[in-house]
Amino acid sequence: MEETGATSAYGVSLPGGSLDVVKFSRQPQTIVRLLSWLFAIVVFACIATEGYINPVYSAEPKCIFNQNDSACHYAVGIGVIAFLACVGFLLLDVYMPFMSNAQQRKYAVMADLGFSGTWTFLWFVCFCLLASQWGRTHDVSGIPQDAARATVAFSFFSIATWGILTYFAFSRFRSGGDDIAVPTYTEQPTDEHTPYPPTYAPASYNPTPYTPTTYSAYPDLSQQPAFTPNLQPTPGYQPPNY
């Protein structure tokens, strides 16, 4: 019989092997997650370094997006959390092949799916908010326009990368534990000319001729002389009278 079966669960190989860094770094999910990490850095770094200016009529710094501080705070918060989440889920991707419990893998994939889907929506809101506030900014004198445009652009790129991560997580969740290696057995075809099934056929069979056992403990009666009765009368014997 031949044993066959799959070798993965929730899109990740079963435990027992070692981490291949080159193969892991070339996975599409790893590449997209690194891009999301990079885009998040660009968004909150641009706002943290060049996102605030001092207007002529105010001593307090104002956000470059139509002087709406809420827009800058929102983008920085979303970017920082996305940066930390990318690091955490990247470490989780490294650790997941060593998880022997399928239930733990399910929870990890569900967390990835839920967070990626949520942040796809939040990046969409961030892009719409920044683009709207930048379009309403009329006085751009003294504003680092390149930083503002980069923030809006990379917010849009983040929508795509987090959407792709959501798709990857959903694909792994759908595959679920159906890919777990459950051994299946296939019978070999039976040879009709063989008197035994192929699994139970003896290696070799040499029949031994049967030789009857002869016993000489008793004499051969056929060679004895015939019995002859000797009717000699016993002296002093008188037959009974009836």
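Visitor: With which residue does Asp 93 form a salt bridge?

Guide: In this predicted model, the partner is Arg 172, and the closest N and O atoms of the pair are 4.0 Å apart. The two residues link distant parts of the chain: Asp 93 belongs to helix H3 and Arg 172 to helix H5 (residues 145–175), 79 residues apart.

Visitor: Is Asp 93 buried or exposed?

Guide: Asp 93 has 10% relative accessibility, and therefore counts as buried. The cut-off for that label is under 20% relative accessible area.

Visitor: And Arg 172, buried or exposed?

Guide: Arg 172 counts as buried as well, because its relative accessibility is 10%. Salt bridges with shared partners join Arg 172, Asp 93, Asp 112 and Arg 33 into one network.

Visitor: How many salt bridges are found in the whole structure?

Guide: A search of the whole structure gives 4. One of them pairs Arg 33 with Asp 93, with 2.9 Å between the closest N and O atoms. Arg 33 is in helix H2 (residues 28–50) and Asp 93 is in helix H3 (residues 69–95), so this pair ties together parts that lie 60 residues apart in sequence.

Visitor: Which other salt bridge does Arg 33 form, and how far apart are the closest N and O atoms?

Guide: Arg 33 also forms a salt bridge with Asp 112, where the closest N and O atoms are 3.0 Å apart. Asp 112 sits in helix H4 (residues 102–135) and Arg 33 in helix H2, so the pair ties together parts 79 residues apart in sequence.

Visitor: Why does Arg 33 count as buried?

Guide: Arg 33 counts as buried because its relative accessibility is 1%. Asp 112 is also buried, because its relative accessibility is 1%.

Visitor: Let us turn to the nonpolar core. Which residues touch the most other members?

Guide: The largest nonpolar core has 28 residues, and those touching the most other members are Phe 65, Trp 119, Trp 123, Leu 130 and Trp 162. Two or more residues of this core come from each of H2, H3, H4 and H5. H3 supplies the largest share, 8 residues. As background, nonpolar side chains tend to be buried together in soluble globular proteins.

Visitor: What is Trp 119 in contact with?

Guide: Apart from neighbours within four places in sequence, Trp 119 is in contact with Ile 78, Ile 81, Ala 82 and Trp 162.

Visitor: Where does Ile 47 lie?

Guide: Ile 47 lies in helix H2. Its relative accessible area is 1%, so Ile 47 is buried. Setting aside neighbours within four places in sequence, Ile 47 is in contact with Tyr 52, Cys 72, Ala 75, Val 76 and Thr 151. Between the C-alpha atoms of Ile 47 and Phe 65 there are 9.9 Å, the two residues being 18 residues apart along the chain.

Visitor: What about the surface? Which residues make the nonpolar patch?

Guide: Ile 31, Leu 34, Leu 35, Trp 37, Leu 38, Val 87 and Leu 91 make a nonpolar surface patch of about 590 Å². The elements giving two or more residues to the patch are H2 and H3, and H2 gives the most, with 5 residues.

Visitor: Why is Ile 31 described as partly exposed?

Guide: Ile 31 is partly exposed because its relative accessible area is 42%. Its place is in helix H2.

Visitor: Changing topic again, where does Thr 137 lie?

Guide: Thr 137 is in the loop between H4 and H5. Thr 137 has 12% relative accessibility, so this residue counts as buried.

Visitor: What lies 2.8 Å from a polar atom of its side chain?

Guide: That is the backbone oxygen of Gln 133. Not counting residues up to four places away in sequence, Thr 137 touches Ile 64, Phe 65, Asn 66 and Ile 143.

Visitor: One last residue. What is Ser 158 in contact with?

Guide: Leaving out neighbours within four places in sequence, Ser 158 is in contact with Phe 39 and Trp 123. Ser 158 lies in helix H5, and counts as buried because its relative accessibility is 0%.

Note on methods. Residues numbered from 1 in each chain as written. Predicted model: local features only at pLDDT ≥ 70, side-chain atom pairs only at ≥ 80, totals over all residues. Heavy atoms only, no water. Salt bridge = Lys/Arg side-chain N within 4 Å of Asp/Glu carboxyl O. Helix = DSSP H or I, 4+ residues; strand = E, 2+ residues; numbered from the N terminus. Buried < 20%, exposed > 50% of the residue type's maximum accessible area, 1.4 Å probe, protein only. Core = buried A, V, L, I, M, F, W, Y, C linked by side-chain atoms within 4.5 Å. Contact = heavy atoms within 4.5 Å. Patch = residues over 30% accessible without salt bridge, like charges linked within 9 Å, V, L, I, M, F, W, Y side chains within 5 Å. Areas by Shrake-Rupley, 256 points an atom, 1.4 Å probe, with all protein chains shown as cover. Polar contact = N/O pair within 3.5 Å; in protein donor to acceptor, adjacent residues only side chain to side chain.
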